[in-house]
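Hi,

Here is the structure I said I would pass on.

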Number of protein chains: 2
Amino acid sequence: MDDARNGHHMEFEPTVSAVNLYNWYKSWYMQWIMYCALLLYLALVLVEEPAVPGLHVQFYISMVVEVLCLAFFLFRLGHEYWFSSKTRFWRDEKHIVLVVLIFASVLDICIYCALAGFSITSIRVSRPFRPFFLVNIPEGRQMRRAFRNIRRTLPEIFSVLVLFLLIIAVFSLMACKIFGHRGWAKTSGGPYFDNYLDSYWDLYVLVTTANNPDIMMPAYDQNPWLSLFFIIFIIICVYIFMSIFLAVVYNNYRSNLKNEIQEALRRKRKLLKTVFDLMKSKENGKEVIREQDFAKLIQLTLPRKSQQYTKMVWCVLDADNNGYLDQKEFLNVADLLNIPVTEVLPNLFERHVPNIYQSSSSTILKSVVKHKWFRYIFDSIIIINAFFILFDMPDGYEFGFLTVFIIEILLKIYTFGFYMFSRKLWNVFDVIVIGLAFIISIIEVIRGDEFDSRLILDIMLVLRVLRIVKIFHSLGRFRTILNTIMLILPSMLTYAGVLFVFFYFFAVIGLEAFKGSIEFYGPDDNSLEIDQLNCGNINLENSEFARQKYCGNNFNNILRAFVVLFELLVVNQWHVIANGYELAVGSRFTRIYFICFHLLSVIIVLNIFTAFVLEVFIHEYSFTKGRLESSLEVKINEMGLGLGSRPIQNTRHKPDDQSRQSIIEDDQLANDEIDADHDNLQFVCNQLAGLSTRYTDYSADTAVRFHLNKGARNVHTMLEKLFIKELDENDLNDERGNVFLSS
Amino acid sequence: MDDARNGHHMEFEPTVSAVNLYNWYKSWYMQWIMYCALLLYLALVLVEEPAVPGLHVQFYISMVVEVLCLAFFLFRLGHEYWFSSKTRFWRDEKHIVLVVLIFASVLDICIYCALAGFSITSIRVSRPFRPFFLVNIPEGRQMRRAFRNIRRTLPEIFSVLVLFLLIIAVFSLMACKIFGHRGWAKTSGGPYFDNYLDSYWDLYVLVTTANNPDIMMPAYDQNPWLSLFFIIFIIICVYIFMSIFLAVVYNNYRSNLKNEIQEALRRKRKLLKTVFDLMKSKENGKEVIREQDFAKLIQLTLPRKSQQYTKMVWCVLDADNNGYLDQKEFLNVADLLNIPVTEVLPNLFERHVPNIYQSSSSTILKSVVKHKWFRYIFDSIIIINAFFILFDMPDGYEFGFLTVFIIEILLKIYTFGFYMFSRKLWNVFDVIVIGLAFIISIIEVIRGDEFDSRLILDIMLVLRVLRIVKIFHSLGRFRTILNTIMLILPSMLTYAGVLFVFFYFFAVIGLEAFKGSIEFYGPDDNSLEIDQLNCGNINLENSEFARQKYCGNNFNNILRAFVVLFELLVVNQWHVIANGYELAVGSRFTRIYFICFHLLSVIIVLNIFTAFVLEVFIHEYSFTKGRLESSLEVKINEMGLGLGSRPIQNTRHKPDDQSRQSIIEDDQLANDEIDADHDNLQFVCNQLAGLSTRYTDYSADTAVRFHLNKGARNVHTMLEKLFIKELDENDLNDERGNVFLSS
C-alpha cells in the first residue's frame, strides 16, 4: 500500500486484502506486458493495408493480434475494476472511454470481417482512435493531464478562433472585390481571388505566411499601393492574433498548472495521512510513529536501500529528536524518499587491487586525469577532430583519433570507477559513439569499402562532432541554457506524446483517404522518369507539387505519413502539399483535413508547447539566479509535470569526515569532472553558507522557519554525506509553508 | 511649471525665470515645427538619389533642406541647453548622441559636396542614421524606452544567440559530411551541402522554416531515414531555441517594465513634492495647500476646464473634509487630473430648438433610435449589404444602401448630439466611409465609368464591410478581445516606431547597395517582356527569384525597399529574395545584410513585440475578469508605456440627480449605444456595489484601506455625475499602497 505514496500513482481501493490484487496489477511484469501490448497495438499500422514496404502481412494476422491486444486491455480493466470501489470506478471518465473504445473496436472488426465475407472492402473506422488508448490507460497520467489542459483551454481559444476566422472572412470578401475579376493571374498560374472560397483559403494560408510574397506579387505589380492590403492583413492576423493565441494559451496554462499542482499536493497529503493513521501508536498521549514501524515501512517501500539509509531518513524526519514522528514530521517522508541519494561505494579497482590503485604512480595518474588541463586537452582534440572532418583529411588520422578517445575513456573509468563514470550521460554517449565507430571501422576494414557502411560510418564520425556541445556545456554562460534544455527534455516527451496521438490520428485518416493517389519512384528508377514529373497521377501533371519534386511526401505508409505531417507542422510550403492532394484526389474537401490539422497541431498544441517552455525557462532562469520568487515555481520541480525532480547526486569520492569547507575548495579544483553536478553543488553550498540570509526572503511563517533551521542543523551534524538534503528540505518546507498559507 | 506634472514629460530646470524659456520650448508651435522638421528630414529619402518616380529633385535642393533641418535641431538643442542645468545636460546621453549625429551629418554633407566638386560621387554615410533623431529627441520618450529595453535584453540574448549559432555550426558540419559530395542536387538545382558556408546558410534558412521541405527532399528521396536529421534539427533549433528566445525576451521585458514603472512613479512623486513645497502654507501647524491656491494651480494647468471641475477635483482630493490638502492628499492630483472627464452639455438641438427637440414625436423618435432593435436592424442591413457585395449585385442597390446608412447617421446625430456622436470611433469611421463613398459615387456618375475611380469605389465599398467588425464588437465574448486589441493599438505604435527606425536604417543601406541591380518593368510594358524574365539583370537569368516573378521586390526607391523589408520580416521565401540579390550583385557578402536584418528585426524586435502583447493581454484578460492580482498590472494602466490610460468617459445623457440604481438599470436597457463604454460601466458598477468585498482582496495595509473607503464615500455623496472616479481612486490608492509597501 505504501508504494502508492512514493510513486505518484493513484488507485482507489478499499482497505481489504484487495491490496494483493493491486500489487499484482502494479507489478513490473504486468506493467511490462501492458506496455508491450500497447506498442504492438499501435505498431499494427505498420503492417496493415498500406504497409511499410517489406512488412506487409495478411489482414487476418494483424486482426488476430489486434483482438488479443484488446482482450488484454479488457482484462486489465477488469482487474482494476476488481479491486477498486465500484461506484468510483464508473465515475472516472477514463474507464468509460476505455470501455467504449474497446467495444467500438471489436464491433468495427466484426463489421469489417462480415463485409470481407461478402468481398466488400470497407474502412476500419476505429483505427484512427487507437492512440487514445495511450491517453486513457492509468499509466498515461501525464498525457491525460496535457489533454485536460488542452480541453480546458479550448473554450477560451474558441472565441478567439471564431473572431479570427470571421476577420479572415471579412478580409477575403474585400480581397474578392478589390482583386477579383480583373484578369490578373497568380504567379503559379490560376485565377487570382476570383472565387470567395478560394480567396478564403488563400488568405488562411497567408496567415501561416506560407505563400507570403507570392500571393501579393500580382497585385503589387499592378499597383504598388495595393500591397498595403496584404501588409495590414498580415499585421492584424499574423502578428496580433497569433500573439493573442499564445497569450490565451499561456494564461490558461499557468492557471491550470497551479490548480494541478495544488490538487496533486492535496492528494499526496491525504494519502500520507491515511498511512499515518494506519501506523500510528499512542505515546505520551500523542499519536506518533515508532522507529521500528517506520523502518519496516521503508523496507517494504524501497527494499533495495540499506539500513543506513533508513536510519538517515529517520534522523532527518525526526526534526525535534524526540524519537518519534508526529503527523507533521511524517508528511515529509514522500518528498524525502524521492530525493535520489546514491550510496557511494569503493570502486572496482579499489576493491580488487587496492595495492596498485592506491600506489603513488596510480595516484599521480588519477590526479592528472582529474586536473582541468586533462579536460582542456581532450576538448581541443575534439575540436581538431572536427576540423579534420570538415576538411576531409585522409582516413588514417581517424584511427589515431579513435585510439586517443578510447584511451581517454579508459583513463576516466580507471580514475572515477565504472559506476560513477556511467552516471554521466556524456560519458555514456562517448562510449556508445566511439565504441560503435570502432566496431564499424573494424567491420569496414574486414569487408572493404562499401557505400552503405560508408554512410553509417560518416554518420558515426559526425555524431562525434556532437561532443563539441559538451565543451559548450563547460562554458559558464551557456550552462544555464543547456541545463534548462536538459531539464525540459523529459517533460517534453509528454508533449511529444500528445503530438504523437494527433499525428497517429491524422496519419491513419490520411492513409485511408490518400493512399496510392501519389506515387514516388526511387531515384534509381530511371525507367519511370516521365512518371516522376506527375508523381504517377495524371492530375498532378505540371502542378507546383510535382515541380517541387514533392512526390516523396505521400501517404502510402505510416512512416511517410508522419513525415508529411511533420512538414505540415512546420507549416512552410504546406499549401503546396495541400494543393497537391487536392489535385490528386480531385476534391476541395481535402482542404478541411489540412485546416483541421493546422488548427489542432499548430495553433493549439504548439502554442501549449511554447507556453510550457516559456514557463519552465523563466522559472529555471530565476531559480539558478537565486531568486526564488514564488513557491509555485518550486513546486513545479516537485511535480512530475513541470520538470521532473532536479537530480541531485553526491556522486563524488569524499571521505565521510571531510569538512564542508574542503568540499567547497575541492569543488573548485575538481572542476573538470563535475560538469553536470557543478550547478547543483554550487547551489547547495550557497544553501549551506547563506541559510539564514535566504530565509529572510521567504514569506513563510515563523513556525516553518524554525523547523527549517533545526532540520538543517540536524542533517549537518548527523550525516555529513547527505548535506545536499537541505536544498530539498527547503523545497519541501517551502511547499508546506505554502499549504499553511493557502489553507 | 505645473504642466510638467501632468504631461509626463520631464525637463530639469533651475527654478529661475528660465521657466519662461521652458514654456516656450514646450509650446505647441515649437513642438509642431519640431515634428514638421523631423518629418521633412526623414522624407528627404523620397526625393534623394534613388528617388520615388516623379519625386526626383536635384541633390543641392535636398541638401539645403537637410542643412536647414539640422540647423533647427541644433537650435532646439541649444534652447534646451539654455534652461537646463549645465552639468546634468551633458550627463544625459541622448544629448550627446544628438550632437554627434548633427555634426557627423554636417561633416558628411561637406565631404560629399567637396567630392562632388571634383565630380566624384561618394556615398552619404550619415543617411542610414537619420531615424535615430527620432529616438534621441526629448519627445521620443517611448521609443527611447523601447530601445533601452532592447539594449538591456541584448546581453542575455547574446549568449543564447551564440549557443544557437554554434549549434547550427555543428549541425552544418554534420550535414556537410553526411549529405555533401554525393552528387545529390537541390530541387532548384545547385550543389547540395557541398560547401561548409553554404551548408551553414541553408541550415540558417531552415531555422526560419523558409526552405523547409525543399532542403530535405533530395536526402529524403535517397533514403527516408535521413529525414530524421532534419526533423531533429528543426525540433531543436526551431521549436526549442525559438521558444527560449521568446522566454529570455519575455523575462527581461517583465523585469524592465517593473523597473521603468517604479522609476516613473518615483519621479512623478518627487515632482509633485516640489510643487507642494512651493505652494504650501502653514495652517494649524501643518503644511497644507489652501483652496484658492489650488484653484489657481488647476486654472494654470488646465485653463479650459470649468470652475465646477476645479471644485470637484478639490472635493475628491480633500478626503478628510478639513478644507486643506496635506501632502499625502496632494500627491493624488496628477492621477486625478489625468482621468478624462467630459463635462456633459446639452446638445445643439437642445440649445437651439428645444421645443421641437423635446416634443413628444421627437422623444418617440429618440427612444426608437436608442432601442436595441434599431441597432439590430442596421446590423442586419450591413450583413445583407456584405452579401450583396459578395454576389456582385447591380449597382442600383448600392445607392439604396448608401441612403439608408446616411439616414442612420443623421438619426444618430439627432438623438445623441453631434459631440457625443463624434466621441465614438465607429461613428467617425462610418461617416468617413459612407461620406467618401457618397462623394465618389457622385463624381463617378458625373465623369462616367473609369478604371481608377472604379477601383477606389470598390475599395470604399469594401471598407464598409469592415463595419461587420462593429457587430462582432457587440457580441459579449468577442468584446474582451477586441477591446484589448484597441487598447494595445496606441502602444503598438511605439513598436511600429522601433521597427520604422530599423527599416529606415536597413532600407537606406539597401538603397545604396542594391539600387538598380534589379529592374522591374510594369505589366503593361510589353516591349520588354523578355527582360522581365531576368529582372533586367543577366545574372538572374533562370534564377528562382526571376521565376517567381519577384522583380518588383527591388531597392530602387525607399517605398519598394520598405515592402521588401516587410517581406523579409514575414520571413517566408526570404531566402529566394536573398539569393536573388546575391546573384544580382554577385557577392556572397549580401547574406550578411539579410542575416543581420533577420536577427535584429525578427529575433529581437518581433519577440519583444510578442512579449508585449503577451503581457498586456494576460493583464487585460485578468483585469476584465475582476482578478486584480498585482498592483504592478494596475500601474501599467497608469503608465504611458503599457496601455495608455484607460479611457473612461461619462459620455451619456444623465440628469445630475439620478440615483445610482437607475443608472445601472438604464445601463442595461440602453445597451445599444454604449458598446465601448459598457465594459467600463459594468466594472464601475461592480466597484460601487462590492467595494468592501474587493478590498479584502488587497494586501494593502489598513491606512490605505481606510482612506479608500472615505474617498469612495466622498465622491459618491458629493458629485453623483463623477461616480466613475472610484475606479481610478482605486488605481491611485492601490498604487500608493504599493509605494508604501515597497518603501
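**What I found**

Over all chains, the structure holds 30 salt bridges, a salt bridge being a side-chain nitrogen of Lys or Arg within 4 Å of a carboxyl oxygen of Asp or Glu. Before the details, some housekeeping: this is a predicted model, where local features need pLDDT of at least 70 and side-chain atom pairs count only at pLDDT 80 or more, while totals for chains, interfaces and linings use all residues. Residues are numbered from 1 along each chain as its sequence is written, chains are lettered from A and ligands numbered from 1 in the order in which they are written, and side-chain values use heavy atoms, with hydrogens and water left out.

**The salt bridges**

B:R130 pairs with B:E48 in a salt bridge, and their closest N and O atoms are 2.8 Å apart. This pair links distant parts of the chain, 82 residues apart: B:R130 is in the loop between α6 (93–117) and α7 (132–136) of chain B, and B:E48 is in the loop between α3 (28–47) and α4 (59–83) of chain B. Helices here are DSSP runs of H or I with at least four residues, strands are runs of E with at least two, and both are numbered from the N terminus. Both B:R130 and B:E48 are buried, where buried means under 20% relative accessible area, exposed means over 50%, and partly exposed is in between (1.4 Å probe, protein chains only).

B:K186 and B:D202 form another salt bridge, with the closest N and O atoms 3.1 Å apart. B:K186 sits in the loop between α8 and α9 of chain B and B:D202 in helix α9 of chain B, so the pair ties together parts that are 16 residues apart in sequence. B:K186 is partly exposed at 23% relative accessible area, whereas B:D202 is buried at 7%.

In chain A, A:K515 bridges to A:E512, with 3.8 Å between the closest N and O atoms. Both ends are partly exposed: A:K515 has 35% relative accessibility and A:E512 has 22%. These two also belong to a network of salt bridges that links A:E48, A:E66, A:D108, A:R124, A:R127, A:R130, A:E512 and A:K515.

**Where the two chains meet**

Chain A and chain B bury about 9000 Å² between them, 72% of it on carbon and sulfur atoms. That buried area is the accessible area (1.4 Å probe) that two parts lose on being put together, summed over both. How many salt bridges are there between chain A and chain B? The count is zero, but 10 residue pairs are in polar contact between chain A and chain B (both at pLDDT 80 or more). A polar contact is a pair of N or O atoms within 3.5 Å; within protein, one must be able to donate a hydrogen and the other to accept it, and residues adjacent in sequence count only if both atoms are side-chain atoms. On the side of chain A that touches chain B, helix α11 (residues 227–279) of chain A gives the most, with 15 residues. In total, the contact (heavy atoms within 4.5 Å) takes 93 residues from chain A and 92 residues from chain B.

Not counting residues up to four places away in sequence, A:Q548 touches A:Q573, B:T187 and B:D214.

B:D214 is one of the buried residues of α10(B). That helix, residues 212–222 of chain B, is mostly covered, with 10 of its 11 residues buried. The buried residues pack against α28 of chain A together with α8 (141–179), α9 (196–207) and α11 (227–279) of chain B.

**B:T208**

In the loop between α9 and α10 of chain B you will find B:T208, buried at 9% relative accessible area. Its side chain reaches the backbone oxygen of B:V205 at 2.5 Å and makes a polar contact with the side chain of B:W574 (2.8 Å).

**Chain A as a whole**

Chain A has 36 helices and two strands, and 54% of its 743 residues count as buried.

Cheers
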